[in-house]
Amino acid sequence: MPLTWFPSSQLLWARVAAVLFTCTAFSVAAHGAALGSGGMADWCIFCWAFSFACSLLVLLVEQCSLQPRIPVSWSNFPVTVACYACLLCLSASIIFPVFFLRNRNYYGETRDHRIASTVFSCLATIAYIVEVSLSKARPGEVAGYMATAPGLMKVCQTSVACIIFILVSSPVSYDQHAALKWCMAVYCICFILSMAVVVLCVGECTSCLPIPFSKFLSAYGLLAVIMYLTATILWPVFQFDKKYGRRGNDTNLIAVAVLTALNFLLYLADLAYSARLVFISA
């Protein structure tokens, strides 16, 4: 009995810590950080508030034993929420000090509030990392797909794609050549398919596919790797080569090139894991 109780208590305390840290982060920022509205301030507040709301929902459902009444796969939903919340809080932990702590015009309580929000955002990120590490499937363990390495990588793939969308849209940097438009199509198609996998798993709808889910994952994984390989090559060539009107001094374009390569590696690892992973869908 103690062997069953102890790991679950660790997971419980990780979730409680995440709820407290995210609540403190956005409460302190909203109360005395003098952030104003719009832009990165709203994004950071959204990251903390969304993570807090989803984590609190998971905590309440589990403590009240309401899982059978929730129309989602509970073997997939909590770990998916934790992984997305981890990435959101990580982005806020980086963005918030960059945009709101480098400004030396703020002193006293305002700066103290901003420092406190940054600290609690970092603590929330650590709490979510712990939660994901406790929730993910162990070798040989039967678990929902989202608790496996490929499932967690789907979350990372969609998150990286969202950052790419932001970078290429402000300003628009993919309409000069057909090759760059192809890269944008790659980002969109792979994002939609990865998000569809997440929704199918969390919504327990994998049986609705006309083909076995495992075959769908293998075929989609191979397609995504090939598509991202072309984007990894074409994006830097058509953005930085002088023959095509080089604009290589733009930081956003360099970031997109790096993130494209990162997502290619994620899809490649996803394909490798999926080829040898045995799992069941809840």
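The protein chain has eight helices and zero strands. This is a predicted model. Along the sequence, the pattern reads α-α-α-α-α-α-α-α. The chain has 282 residues, and 44% of them count as buried.

**Overall build**

- Consider contacts between residues at least 6 apart in sequence: 76% of them join residues at least 24 apart.
- The chain exposes about 14400 Å². Carbon and sulfur atoms supply 71% of that area.

**The nonpolar core**

- The largest nonpolar core has 78 residues.
- Trp-48, Tyr-128, Ile-164, Tyr-187, Val-197, Tyr-228 and Trp-235 have the most contacts inside this core.
- Two or more core residues come from each of α1 (2–32), α2 (39–63), α3 (77–100), α4, α5 (149–169), α6, α7 and α8 (251–276).
- Helix α3 gives the largest share, 14 residues.
- Val-197 touches Tyr-145, Lys-154, Phe-213, Phe-216, Leu-217 and Tyr-220, leaving aside residues up to four places away in sequence.

**Aromatic rings**

- The count of aromatic pairs comes to 14.
- One of them joins Tyr-187 and Tyr-228.

- Helix α6 covers residues 178–202, which makes 25 residues.
- From first C-alpha to last, α6 reaches 36 Å, close to the 36 Å expected at 1.5 Å a residue.
- Phe-165 lies in helix α5.
- Phe-165 counts as buried because its relative accessible area is 18%, under the 20% cut-off.
- Phe-165 touches Met-184, Tyr-187, Cys-188 and Phe-191, not counting residues up to four places away in sequence.
- Phe-165 and Met-184 are 19 residues apart in sequence. In space, their C-alpha atoms are 8.5 Å apart.

**Ser-135 in helix α4**

- Ser-135 is found in helix α4, residues 108–135.
- A polar atom of the Ser-135 side chain lies 2.8 Å from the backbone oxygen of Glu-131.
- Ser-135 also touches Leu-11, Arg-15, Val-79 and Ala-147, with residues up to four places away in sequence left out.

**Positive phi in two loops**

- Most residues other than glycine have a negative phi.
- Ser-65 has a positive phi, near 55°, and is not a glycine. Its place is in the loop between α2 and α3.
- Ser-65 counts as exposed because its relative accessibility is 52%, over the 50% cut-off.
- Glu-204 is not a glycine either, yet its phi is positive, about 55°.
- Glu-204 has 41% relative accessibility, so it counts as partly exposed, between the cut-offs of 20% and 50%.

Conventions. Residues are numbered from 1 along each chain as its sequence is written. This is a predicted model: local features need pLDDT of at least 70, side-chain atom pairs count only at pLDDT 80 or more; totals for chains, interfaces and linings use all residues. Side-chain values use heavy atoms; hydrogens and water are left out. Helices (H or I, at least four residues) and strands (E, at least two) are DSSP runs, numbered from the N terminus. The expected span of a helix is 1.5 Å times one less than its number of residues. Rings of Phe, Tyr and Trp (its six-membered ring) pair if their centres lie within 6.5 Å; planes under 30 degrees apart count as stacked, over 60 as edge-to-face and the rest as tilted. A polar contact is a pair of N or O atoms within 3.5 Å; within protein, one must be able to donate a hydrogen and the other to accept it, and residues adjacent in sequence count only if both atoms are side-chain atoms. Contact means heavy atoms within 4.5 Å. Buried means under 20% relative accessible area, exposed over 50%, partly exposed in between (1.4 Å probe, protein chains only). Accessible areas come from the Shrake-Rupley method with a 1.4 Å probe; for residues, only the protein chains shown count as cover. A nonpolar core is a set of buried Ala, Val, Leu, Ile, Met, Phe, Trp, Tyr and Cys residues joined through side-chain atoms within 4.5 Å.
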